[in-house]
Amino acid sequence: MAQAGTFDIGTNIDVRESITHSDHRCQLREVLDRVGDKWSMLVLDLLAGGPKRYSELQRAIDGISQRMLTLTLRSLERDGLVRRTVTPTSPPRVDYALTTVGATLSDQVRALIEWSEQHRDYVAESRVRYDTAVG
């Protein structure tokens with residue numbers, strides 16, 4: 001109960017719960033930003049077939065620059081979804097593979113890629129219809 005001359009605006013627990021919820025949403029957004037990125041999705045899908053070398057990934061992903069592939073692989077490794085293994089040969093061999101958690105995500109990514117492949121014509125036609133009607 002509030003004292004005379006004060007307002008009851010809630011407790012510190014309410015504020016902490018709000019901050020915790022906000023932090024949770026921010027962390028969730030960060031994860032979704034990573035796994036929802038088009039390059040990350042394609043890399044995860046390719047690695048679902050087994051370990052790949054950098055050059056294999058670059059050849060398989062049309063339109064990705066060397067810089068973007070490097071950044072994507074580093075981010076996926078940092079997030080614990082991809083494992084980088086260096087074999088000390090001359091020149092060194094570097095392989096990328098999914099971690100156990102990355103493999104669970106790749107199943108979900110594959111489903112989204114399959115949906116995209118099945119519906120890309122529909123989406124393209126819808127865009128044309130919309131642009132024609134609006135434009």
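Which residues does T99 touch, not counting residues up to four places away in sequence? Select T99 and look: G80, L81, V82 and R83. Contact here means heavy atoms within 4.5 Å.

Before moving on, some ground rules. This is a predicted model, where local features need pLDDT of at least 70 and side-chain atom pairs count only at pLDDT 80 or more, while totals for chains, interfaces and linings use all residues. Residues are numbered from 1 along each chain as its sequence is written, and side-chain values use heavy atoms, leaving out hydrogens and water.

**Stop 1: T99.** T99 sits in the loop between β3 (93-98) and α5 (100-134). Helices (H or I, at least four residues) and strands (E, at least two) are DSSP runs, numbered from the N terminus. T99 is buried, at 17% relative accessible area; buried means under 20% (1.4 Å probe, protein chains only). Now show G102. Its backbone nitrogen lies 3.1 Å from the side chain of T99.

**Stop 2: the core.** Select V43, L44, L47, L69, L73, V82 and Y96. Within the largest nonpolar core, of 21 residues, these touch the most other members. Such a core is a set of buried Ala, Val, Leu, Ile, Met, Phe, Trp, Tyr and Cys residues joined through side-chain atoms within 4.5 Å. The most residues come from α2, which gives 5.

**Stop 3: L69.** Leaving out residues up to four places away in sequence, L69 touches V43, Y54, L57, Q58 and I64.

**Stop 4: α2 and α4.** Their axes, lines fitted to C-alpha atoms over the stretch in contact, come within 10 Å and cross at roughly 75 degrees. Select W39, S40, V43 and L44 of α2, then M68, L69, T72, L73 and L76 of α4: these make the contact.

Definitions and conventions:
Buried < 20%, exposed > 50% of the residue type's maximum accessible area, 1.4 Å probe, protein only. Polar contact = N/O pair within 3.5 Å; in protein donor to acceptor, adjacent residues only side chain to side chain. Axes fitted to C-alpha atoms, helices over the stretch in contact; angles between N-to-C directions.
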